[in-house]
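User: Could you walk me through the side-chain contacts and helix packing of this model?

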Amino acid sequence: MHAMEESINYARSKNWKYVTVESDCASIVNRFNNRKKDLTLLGHHLNEIWKLTVGFNFLTVKWVLRCCNKVADALCK
């Protein structure tokens, strides 16, 4: 979740308008994409991250296998 937040902040700092964020955590991706009322601490933090997405023309958050996510795989190594 922190990596998602940092990715969005980085994209904002570069003034990118079309962004795709990939994660290997299906739970976070599903909660972020569904946008239902979530009263948990995780839901609150995801709502704060959602507020950071203002200004993007297009943003997708996708689930990918860890081995397919080159950035996450490189960070793990």
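**Salt bridge and helix packing**

Analyst: The side chains of Lys-51 and Glu-48 form a salt bridge, 3.2 Å from N to O; the term requires a side-chain nitrogen of Lys or Arg within 4 Å of a carboxyl oxygen of Asp or Glu. This is a predicted model, in which local features need pLDDT of at least 70 and side-chain atom pairs count only at pLDDT 80 or more, while totals for chains, interfaces and linings use all residues. Residues are numbered from 1 along each chain as its sequence is written, and side-chain values use heavy atoms, with hydrogens and water left out.

User: How many salt bridges does the structure hold?

Analyst: The structure holds 1 salt bridge.

User: How many residues apart are Lys-51 and Glu-48 in helix H3?

Analyst: They are 3 residues apart in helix H3, which means a separation of about one helical turn. Helices here are DSSP runs of H or I with at least four residues, strands are runs of E with at least two, and both are numbered from the N terminus.

User: At what angle do the axes of H1 and H3 cross?

Analyst: The axes of H1 (residues 2-13) and H3 (residues 41-51) cross at roughly 10 degrees and come within 10 Å. Axes are lines fitted to C-alpha atoms, for helices over the stretch in contact, with angles from 0 to 180 degrees between N-to-C directions. H1 is therefore roughly parallel to H3; angles under 35 degrees count as roughly parallel, over 145 as roughly antiparallel, 65 to 115 as roughly perpendicular and the rest as oblique.

User: Which residues meet there?

Analyst: His-2, Met-4, Glu-5 and Ile-8 in H1 meet His-45, Leu-46 and Ile-49 in H3, where contact means heavy atoms within 4.5 Å.

User: Changing topic, which residue has a positive phi although it is not a glycine?

Analyst: Asn-15 has a positive phi of about 60 degrees. Asn-15 lies in the loop between H1 and strand E1 (18-23) and is exposed, with a relative accessible area of 58%.

Terms used:
Buried means under 20% relative accessible area, exposed over 50%, partly exposed in between (1.4 Å probe, protein chains only).
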